[in-house]
Amino acid sequence: MPTLQLTPLLHCRSSLLSPENSLFRHRELKLRCSDQRQALFSRIAPVYDNLNDLLSLGQHRVWKRMAVSWSGAKRGDSVLDICCGSGDLAFLLSEKVGLDGQVIGLDFSSNQLLIASSRQQERSTLCYRNIEWLEGDALNLPFSDANFDAITMGYGLRNVTDKERAVEEIFRVLKPGCKASILDFNKSTEPITGVIQEWMIDNIVVPVATNYGLAEEYRYLKSSIQEYLTGKELELLALAAGFSDAKFYEIAGGLMGNLVVTR
């Protein structure tokens, strides 16, 4: 697979803001951005889990358990993990809902889903049989309205091309009174946290990724966080989409954040 060039991806982002673009051009560029992001995650899929463990010193597992706990998923529930990647959150959800529940892990990267499926087959835990892997689009979820008792999304909202649409889709497929939990990097309003975050990306994340031949792919992290929303902005976005309650929690010293919303 050819190396993904990130410069056109960032150009797509800025070009969409140009008023002279027609609606057709706007959609075309969004699709191009989406395709490039899909290629990015397909490319990093083989080493994604190893890098997560290495770069977070295993702490990403703690954050993911927190995200699943905030979702309110319980035994017998039907739950959805959007942008499931290699399946970490889906496996944790499976343990929550048990054999009489159902988990769907949805991602736009078939490579990531193949890894998730392989991990499922390698594990002997009975409840993991309740997981179904589905290739799909977070901006156009292939489910009926009010279909799920809980939803999670880990490190996905920051990467979609239309965050408002993604949150609206979560609202649509979530049952009334139920919760969604959205984990991602935090765009902190504290300058020192932002400085630390950028230093870690430049001096730890990218150099480590370079050893895997993925320096350019992981440099994308910095710009994606800069273009992301703050916790307060995410709360307002969720409320505008129709959620009755939205609360953002800073975790990992403010480096990560988790949005919890109730329909």
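**Rings, sheet and cores**

Biologist: How many aromatic pairs does the structure hold?

Modeller: This is a predicted model. In this structure, the number of aromatic pairs is six.

Biologist: Are the rings of Tyr155 and Phe185 stacked or edge-to-face?

Modeller: Planes over 60 degrees apart count as edge-to-face. The centres of the Tyr155 and Phe185 rings lie 5.6 Å apart, and the planes stand at 70°, so the pair is edge-to-face.

Biologist: Which parts of the chain does that pair link, and how many residues apart are Tyr155 and Phe185?

Modeller: Tyr155 is in the loop between strand 4 (148–154) and helix 7 (163–173). Phe185 belongs to strand 5 (residues 174–185). The pair thus links distant parts of the chain, and the separation is 30 residues.

Biologist: Is Tyr155 buried or exposed, and is Phe185 buried or exposed?

Modeller: Buried means under 20% relative accessible area. Tyr155 has a relative accessible area of 13%, so Tyr155 is buried. For Phe185 the relative accessible area is 17%, so Phe185 is buried.

Biologist: The charged end of which residue sits over the ring of Phe91?

Modeller: Phe91 is linked by ring pairs with Tyr128 and Trp133 into a cluster. Over the ring of Phe91, 4.4 Å from its centre, sits the charged end of Arg123.

Biologist: Over the face of which residue does Arg263 lie?

Modeller: The distance from Arg263 to the ring centre is 4.3 Å. The ring belongs to Phe171.

Biologist: In what order do the strands form the sheet?

Modeller: The protein chain has ten helices and seven strands. Seven strands form an open sheet with mixed pairing, in the order 3-2-1-4-5-7-6.

Biologist: Which strands stand at the edges?

Modeller: An edge strand here has a single partner strand, so one side is left without a neighbour in the sheet. The strands in that position are strand 3 (131–135) and strand 6 (245–251).

Biologist: What is the average twist from one strand to the next?

Modeller: Averaged over the steps from one strand to the next, the twist is 15°.

Biologist: How many bridges join strand 4 to strand 5?

Modeller: Strand 4 and strand 5 run parallel. Phe148 stands opposite Leu174 in strand 5. The number of bridges joining strand 4 to strand 5 is six.

Biologist: What angle does helix 5 make with strand 1?

Modeller: Helix 5 (residues 88–97) packs on the sheet and touches strand 1 (78–82), strand 2 (102–107), strand 3 and strand 4. The direction of helix 5 and that of strand 1 make an angle of about 170°.

Biologist: Which residues touch the most other members of the largest nonpolar core?

Modeller: That core has 36 residues. The ones touching the most other members are Val79, Val103, Ile131, Trp133 and Tyr218.

Biologist: Which element supplies the largest share of this core?

Modeller: Several elements each supply at least two residues, including helix 4 (59–71), helix 8 (191–210) and helix 9 (215–226). The largest share is six residues, and the supplier is helix 5.

Biologist: Is Tyr218 buried or exposed?

Modeller: Tyr218 is found in helix 9. The relative accessible area of Tyr218 is 8%, so Tyr218 is buried.

Note on methods
Residues are numbered from 1 along each chain as its sequence is written. This is a predicted model: local features need pLDDT of at least 70, side-chain atom pairs count only at pLDDT 80 or more; totals for chains, interfaces and linings use all residues. Side-chain values use heavy atoms; hydrogens and water are left out. Rings of Phe, Tyr and Trp (its six-membered ring) pair if their centres lie within 6.5 Å; planes under 30 degrees apart count as stacked, over 60 as edge-to-face and the rest as tilted. Helices (H or I, at least four residues) and strands (E, at least two) are DSSP runs, numbered from the N terminus. Buried means under 20% relative accessible area, exposed over 50%, partly exposed in between (1.4 Å probe, protein chains only). A charge sits over a ring if NZ of Lys or CZ of Arg is within 6 Å of the ring centre and within 35 degrees of the ring normal. Two strands pair if DSSP finds at least two bridges between them. Axes are lines fitted to C-alpha atoms, for helices over the stretch in contact, and angles run from 0 to 180 degrees between N-to-C directions. Contact means heavy atoms within 4.5 Å. A nonpolar core is a set of buried Ala, Val, Leu, Ile, Met, Phe, Trp, Tyr and Cys residues joined through side-chain atoms within 4.5 Å.
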